[in-house]
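Have a look at the sequence and model below, then read on.

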Amino acid sequence: MKKENKRKKRISILLTICMVVALLPLPRTAFASAPLYKVVPEHGAPFRAEEDGSIIGNIPQGTVLQVFEIKKGGYAKVKWDIYLVYVWADNLKAVDAPDSVCSKWSQEWITSMEGEYVGLKSRYPTAECDLTKPLKRIDMVEEMMLMLVPLFGRETRQGDYPIVNKGNWPLVKGIKDSHSQAYRNANYLASWGLVPTGRFRPNDYATYGEVVDAMIKIMAYDNKYNCIYNYGAPRTVVTKKMIASLGIGGDTRSKAPCTIEQIRVMRAKLECWAADYNLRWYAADAKAGAAKKTHEGLFCIVSGTYTIQTALGEERKHPYLNINKAGEGELRSRSPQKFKITYRKTNLAGRCYTIQTMKGKYLAMDGMAVNGSRLITRNEPYRWYISNGTEAYIYCMENSAQRLNASGQKKEDGTPIITWDLTSTYASGNMNYKFIFEFAK
């Protein structure tokens, strides 16, 4: 599809930059009527939480944005994801329509996946990329291959996964260009038993029932084989009833043509469901074997009570993250504090958590995090993302380039816990960004 490379790039950027949880809310009617602008410079448009504030991220070239205020020679207030930020107005040009349109039922998910404003087909009927259109079978296999990447965790290649159909290529017939990616995709999937062998009919429209069956096959294949790579995590079988519960809109009759937006939202929701299921299983398994664990740190975090240490320092002598009397985060080498961590959900950007002191205060940021923002506590919930791994990252939900760390790579008592942009050259790879979670005794 025309926009696939652009879309994948934006999804990747969106996974590293998620905006502020509640910056400057506007009514939905205002969002619906705001004029549209596109980011022009090749380097993108740096954005800020306020005019003349610190740069906290960058919006990619070509991104379509809703603009609510613009000053010639000054800043524009724009909607980026679901939040309002400021960019330099000269980096934008007005456009008559968004690049992509979809249906109202899918707009929230599709906008999150695209990383830019996606309009409604009813308002922009002539937009370049119409995601309400029926899905061709050749495009269905591309969507299936994209789903295998987040499920299996790496780029898909013929020899990566167990072969079900071991015949010589072509296993599917009807794709003329044997050097094309479409040809390879269809034959990979056929070799894994995920699409039928034989006549393929690439330009026919895929039915909704055919797409549901394909998704069930992918999840069943993942359940049977991929669990080998994921340390034996069993998974509940995905059924038609389960997919029906995902809330996919449009015409969902089995014989109806499946639309592009239907398969993309279905794929995204199944990916989140699989990540959520795996997390719960791994964490439960870790808790069951905690007494026998010989290494530092837990691979996955679910709801429970934990201690948190920086990865700086010697093994089993790492300083602890504590909250001082002023309600600020700092390091302490003794008297570790306990924290109540609550797993909330998995979304397209990561796994969401709240972290509380044992007195009920939430660990948080005061506004949008920028370089040097201090970890504080507050009464209202604040959501974090926590990565997998025995040395995990804790990053801000509103700007995930900003991650908690021990200031200046210091490990002395009283060292402030702050956020900093992990993507900077200085920050990359430093152990002061990594934290070790252990079950509290």
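Of the contacts in the chain with a separation of 6 or more, 64% join residues 24 or more positions apart; contact here means heavy atoms within 4.5 Å. This is a predicted model, in which local features need pLDDT of at least 70 and side-chain atom pairs count only at pLDDT 80 or more, while totals for chains, interfaces and linings use all residues. Residues are numbered from 1 along each chain as its sequence is written, and side-chain values use heavy atoms, leaving out hydrogens and water.

The chain has 441 residues, and 53% of them are buried (under 20% relative accessible area, with exposed over 50% and partly exposed in between, using a 1.4 Å probe and protein chains only). Its accessible surface is about 21,000 Å², with 51% belonging to carbon and sulfur atoms; the areas come from the Shrake-Rupley method with a 1.4 Å probe.

The secondary structure consists of 8 helices and 24 strands, taken as DSSP runs (H or I of at least four residues for helices, E of at least two for strands) numbered from the N terminus. Take helix α3, residues 107-114: I110, T111, M113 and E114 are buried there. These residues lie on the same side of α3 because they cover an arc of only 165° around the axis, judged by the directions from the helix axis to the C-beta atoms. After α3 comes G115, with a positive phi near 75°.

| Residue | Relative accessible area |
|---|---|
| C300 | 4%, buried |
| C396 | 0%, buried |

The whole structure holds 0 disulfides, a disulfide being a pair of cysteine sulfur atoms within 2.5 Å.
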